[in-house]
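Let's take a friendly walk through a protein model, starting with its sheet and ending with its charged pairs. Please have a look at the picture before you read on.

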Amino acid sequence: MSLTVHKYLLPALPTDHIYDQLAYKPTGSTTSALITITHHISCLLESSSYVRRILIDYCKAFDTINHLTLFQKLQQLTIPPNVLLWIINFLSGRTQAVSSFGQISAWLPVSRSIIQGSDIGPYLYLVYASDLRTLSPHNVIIKYADDTVLLVGQHSSVDIIQEYDNICAWSARNKLTINTDDKTKKIAFHRPASLNIPPPFRDIQRVTQAKLLGIDISSTLSTCALCKHDATADKPAFIPHVTAHITSQGMAVQALHQLFTGLIMSKITYALPAFAGRLTVDNWNRINAISLKDLHRGVTQTASDIEEIIDSFDRELFSKITHPGHCLHTLLPPKTSAGCP
């Protein structure tokens with residue numbers, strides 16, 4: 001199955017069809033997605049007072065993929081016929097029943113969903129969503145699996161209402177349902193002093209802060225909202241509680257250090273390059289104090305300095321994105337000629 005994906009399915013997908021999808025790629029990650037989103041917001045704010053963003057949430061997207069629609073999209077790719085038939089056969093002929101209180105329903109054919117947990121399942125969703133595009137090339141759609149973000153600048157020739165209607169129409173054609181009850185939200189990003197904020201529209205909830213891929217992002221891209229909330233912002237009691245608990249277990253020093261790295265440092269460093277530049281001195285001091293206190297408690301063997309951690313993460317990421325094949329490579333500024341500043 002992995003051979004089918006990497007030898008036939010992925011090579012058949014044109015790069016310009018999946019450039020906006022940051023999942024299911026060798027260089028893709030939540031960090032890459034968050035960096036891409038903040039990059040485009042910052043670029044659009046250079047010529048606008050505000051940038052409107054809609055976080056689109058689909059109801060059970062992977063479970064409601066329509067097989068017939070998926071097969072039609074697969075047929076448009078240059079996949080060998082025998083491989084295409086194998087994929088169709090893999091999804092076809094499945095049945096399911098429901099058991100409740102000892103009673104089993106009739107077996108019915110499964111005409112929707114991709115097989116989650118399989119190697120090919122995520123890539124079939126990538127094919128399915130590859131033709132979701134903005135109406136205007138100046139507006140941006142960024143996807144991480146089924147998490148979809150729409151960005152529209154203030155002076156766009158195509159309004160956000162038209163773009164959202166286009167997404168709704170695409171979703172209806174592809175038999176996907178947008179969850180407008182509580183998870184699809186709208187944020188207007190703006191400069192801190194700007195008073196030119198657009199009014200809300202439709203039935204989409206407007207918020208000033210929302211979580212995206214594990215990071216809280218506010219309408220002003222403020223530091224407090226970009227910190228990983230579990231570790232540094234909203235729950236200051238979280239880390240002392242964890243460290244107090246694990247030190248009481250009588251574990252070996254090495255085991256305690258591994259727990260500290262996995263439970264605490266992983267939260268502090270999650271997607272760090274995406275928001276490190278907006279950390280304040282107070283944020284730095286709080287993170288360093290956590291590390292120093294846990295060193296004294298014997299939870300960790302070394303005191304970590306957040307400045308050194310940020311520098312290490314940034315250098316590692318930059319060394320990767322300089323490669324033309326990295327999904328963030330296109331965000332780098334063009335090289336200047338020799339001798340030019």
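Two strands pair if DSSP finds at least two bridges between them. Helices (H or I, at least four residues) and strands (E, at least two) are DSSP runs, numbered from the N terminus. The model is predicted: local features need pLDDT of at least 70 and side-chain atom pairs count only at pLDDT 80 or more, while totals for chains, interfaces and linings use all residues. Residues are numbered from 1 along each chain as its sequence is written, and side-chain values use heavy atoms, with hydrogens and water left out.

**The sheet**

Follow the order β6-β7-β1-β8-β9 and you will trace an open sheet of 5 strands with mixed pairing. At its edges stand β6 and β9 (205-206), each with a single partner strand, so one side of each has no neighbour in the sheet. Strands of a sheet pair through backbone hydrogen bonds, either parallel or antiparallel. Here β1 and strand β8 (residues 185-190) run antiparallel and are joined by 6 bridges. Within β8, Phe189 is the residue opposite Val51. Helix α7 packs on this sheet and touches β1, β6 and β7, where contact means heavy atoms within 4.5 Å. The direction of α7 makes about 155 degrees with that of β7; axes are lines fitted to C-alpha atoms, for helices over the stretch in contact, and angles run from 0 to 180 degrees between N-to-C directions.

**The charged pairs**

Side chains of opposite charge can pair when their charged atoms come close. How many salt bridges does the structure hold? There are 6, each being a side-chain nitrogen of Lys or Arg within 4 Å of a carboxyl oxygen of Asp or Glu. The table shows some of them.

| Pair | N to O distance |
|---|---|
| Lys143 and Asp20 | 3.3 Å |
| Arg52 and Asp159 | 3.1 Å |
| Lys73 and Asp131 | 3.0 Å |

Lys143 and Asp20 meet in a salt bridge. This pair links distant parts of the chain, 123 residues apart: Lys143 lies in strand β6 (residues 140-144), and Asp20 in the loop between α2 (15-18) and α3 (30-45). Are these two residues buried or exposed? Lys143 is buried at 2% relative accessible area, and Asp20 is buried at 4%; buried means under 20%, exposed over 50%, and partly exposed in between (1.4 Å probe, protein chains only).

Lys73 is buried at 10%, and Asp131 is partly exposed at 41%. Finally, salt bridges that share partners join Asp20, Arg133 and Lys143 into one network.
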